[in-house]
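Thanks for joining this walk through a model. Have a look at it first, and then we can go through some questions together.

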Amino acid sequence: MNMEAFVLGCGGMMPLPYRHLTSVLLRRDGDLFLFDGGEGTQVSLRRLNLKWKKISAIFVSHTHADHVTGLPGILMLSAQVDRKEPLFIYGPPKIAEYIETSRKVLDMYINYPIVVKEIAAPCVVHSGEDFTIRAFPLEHTKTCVGYTLEEEDRPGIFNPEKAAELGVPVGPLWGKLQKGQDVTTDSGKVVHPSDVMGKPRKGRKFSFVTDTLYKESIANEVKNSDLLICEGMFEDELIDQAKEKKHMTASQAATIAKDSNSKRMAMIHYSPRYTDKDLEKLLKQAQQIYPNAELTRDRAHYEIPYED
């Protein structure tokens, strides 16, 4: 099962000619999940040729303009196709008012169900057969949350030689064992899945953190992420300004990545004071703490493979 993230916009505060506002699309096979939707979201969706009409849920960190002003366009765009599946929108208080007011003022034509759920983190906000999406509290100038998508462990690798040795014939019984069910052989012997299956294999974890003061608790929430998308808005020399505006520096983002044992961390939500060339300073500061730190760019693509 493939999982990949697309950065639709990596900027904060205001869009620039070469940088849209913060938005990330996570694709997990047939599921598309959107995390925030700043200005320019639709442009990147089109340029990446992504199937926007299959977005099933939107996860909003908070209701500051640079994270939500792209959403009305997404809602109207989705009405241009024959859609019956509901679109779920999750976020802190006021997200329901924002969506409802936008629909009313813009007189939107919507031909599909929109389900808006205001959340109080920490909590599980969305789930599927083998994964959960969880919200956890951040600390910003208004209520803000981060999100993690975490898969359940996968079954271990099936050992056909061991199954044959235990007298389980090739066929449906092998399938039952792989699904975690006990089976009985023709001789009456009960064979358990643990007899023929290897150790469970770790699922994947994606984390999205933006617009917050540095907090030690964040590292625990995003622990062992395969991909952590994390705000690194300012250089270290502007830490006082970061504290005042309740944002993080590049080094603080790197500290979270290091302390959380994340495999990969890419920074997002840069201050518009930095040109793309200036961002190299943020990267160097982050890499002094977490050598594998990366910079996101608009339309950057990240594969999220299984560990094994």
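**Charges, burial and surface**

Q: Is glutamate 151 buried or exposed?
A: This is a predicted model, where local features need pLDDT of at least 70, side-chain atom pairs count only at pLDDT 80 or more, and totals for chains, interfaces and linings use all residues. Residues are numbered from 1 along each chain as its sequence is written, and side-chain values use heavy atoms, with hydrogens and water left out. Buried means under 20% relative accessible area, exposed over 50%, and partly exposed in between (1.4 Å probe, protein chains only). With a relative accessible area of 8%, glutamate 151 is buried.

Q: Which residue meets glutamate 151 in a salt bridge?
A: A salt bridge here is a side-chain nitrogen of Lys or Arg within 4 Å of a carboxyl oxygen of Asp or Glu. The N to O distance for this pair is 2.8 Å, and the partner of glutamate 151 is arginine 204.

Q: How many residues apart in sequence are the parts that glutamate 151 and arginine 204 tie together?
A: Helices (H or I, at least four residues) and strands (E, at least two) are DSSP runs, numbered from the N terminus. Arginine 204 is buried at 1% relative accessibility. Glutamate 151 lies in strand β9 and arginine 204 in the loop between α7 (193–196) and β12 (205–209), so the parts tied together are apart by 53 residues.

Q: What is the distance between the closest N and O atoms of arginine 27 and glutamate 4?
A: Arginine 27 counts as partly exposed because its relative accessibility is 25%, whereas glutamate 4 counts as buried at 10%. The two form a salt bridge, and their closest N and O atoms are apart by 2.9 Å.

Q: Which strands does the pair of arginine 27 and glutamate 4 lie in?
A: The salt bridge joins arginine 27 to glutamate 4. The pair ties together parts that are 23 residues apart in sequence, because arginine 27 and glutamate 4 lie, respectively, in strands β2 (residues 23–28) and β1 (residues 3–9).

Q: How many salt bridges does a search of the whole structure find?
A: Side chains of opposite charge can pair when their charged atoms come close. Here Arg19, Asp276, Glu280 and Arg297 are linked in a network. For the whole structure, the number of salt bridges found is 16.

Q: Which residues gather in a patch of negative charge on the surface?
A: Patches are made of residues with over 30% relative accessible area and no salt bridge, with like charges joined within 9 Å and nonpolar side chains (Val, Leu, Ile, Met, Phe, Trp, Tyr) within 5 Å. Asp and Glu count as negative, Lys and Arg as positive, while His and the chain ends are not counted; the place of a charge is NZ of Lys, CZ of Arg, CG of Asp or CD of Glu. One member, aspartate 153, counts as exposed at 53% relative accessibility. The patch is made by Glu129, Glu150, Glu152 and Asp153.

Q: What is the area of the nonpolar surface patch made by Met76, Val105 and Leu106?
A: Leucine 106 sits in the loop between α4 (95–105) and β6 (114–118), and counts as partly exposed at 45% relative accessibility. Accessible areas come from the Shrake-Rupley method with a 1.4 Å probe, and for residues only the protein chains shown count as cover. The nonpolar patch covers about 280 Å².
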